[in-house]
Amino acid sequence: MPFVARATRLLEVPARVAFDHLADHDGWPKWMPASFRPVGKSLGRLAVGQTFHAKILGSPLASKCMLSVVRSPEEITWCGGAKGILWAEHRFLFVPKGERSVEVSSVE
């Protein structure tokens, strides 16, 4: 059964700063929540077509995710999971709200 989950947060930084922070895969272990932990080799800066693995919601198995959109400073999207069980497309959208703030939406 498909569903959409969305969360939005206003950050007091320019859109490019927020985008660059998420696009830096090397930095993820420092700040990603415990419910989404990257595992395996680091990718450096994210690019379309790259794949990465992450442990999601305490699962003992890592899910494979593939980047489908990396458009600075507007969007980062990946899809992945276990087809037939839990498969998702996850989008991060960066909408400037003036020169010094950005609305970041996480949509899955």
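How many aromatic pairs does the count come to? In this predicted model, the count comes to eight aromatic pairs, where rings pair if their centres lie within 6.5 Å. One of them is formed by W28 and F52, whose rings stand edge-to-face, with 5.2 Å from centre to centre and 90° between the planes. Because W28 belongs to helix 2 (residues 28-31) and F52 to strand 3, this pair ties together parts of the chain that are 24 residues apart in sequence. Both W28 and F52 are buried.

F52 also pairs with F36: the ring centres are 6.4 Å apart and the planes meet at 75°, so this pair, too, is edge-to-face. Here the link runs between F36 in strand 2 (residues 36-39) and F52 in strand 3, distant parts of the chain that are 16 residues apart. F36 is buried, as is F52. Through ring pairs, W28, F36, F52, W78 and F92 are joined into a cluster.

For F94, when neighbours within four places in sequence are left aside, the residues in contact are A15, A18, F19, L22, P73, E74, E75, I76, V102, E103 and V104.

Definitions and conventions:
Residues are numbered from 1 along each chain as its sequence is written. This is a predicted model: local features need pLDDT of at least 70, side-chain atom pairs count only at pLDDT 80 or more; totals for chains, interfaces and linings use all residues. Side-chain values use heavy atoms; hydrogens and water are left out. Contact means heavy atoms within 4.5 Å. Rings of Phe, Tyr and Trp (its six-membered ring) pair if their centres lie within 6.5 Å; planes under 30 degrees apart count as stacked, over 60 as edge-to-face and the rest as tilted. Helices (H or I, at least four residues) and strands (E, at least two) are DSSP runs, numbered from the N terminus. Buried means under 20% relative accessible area, exposed over 50%, partly exposed in between (1.4 Å probe, protein chains only).
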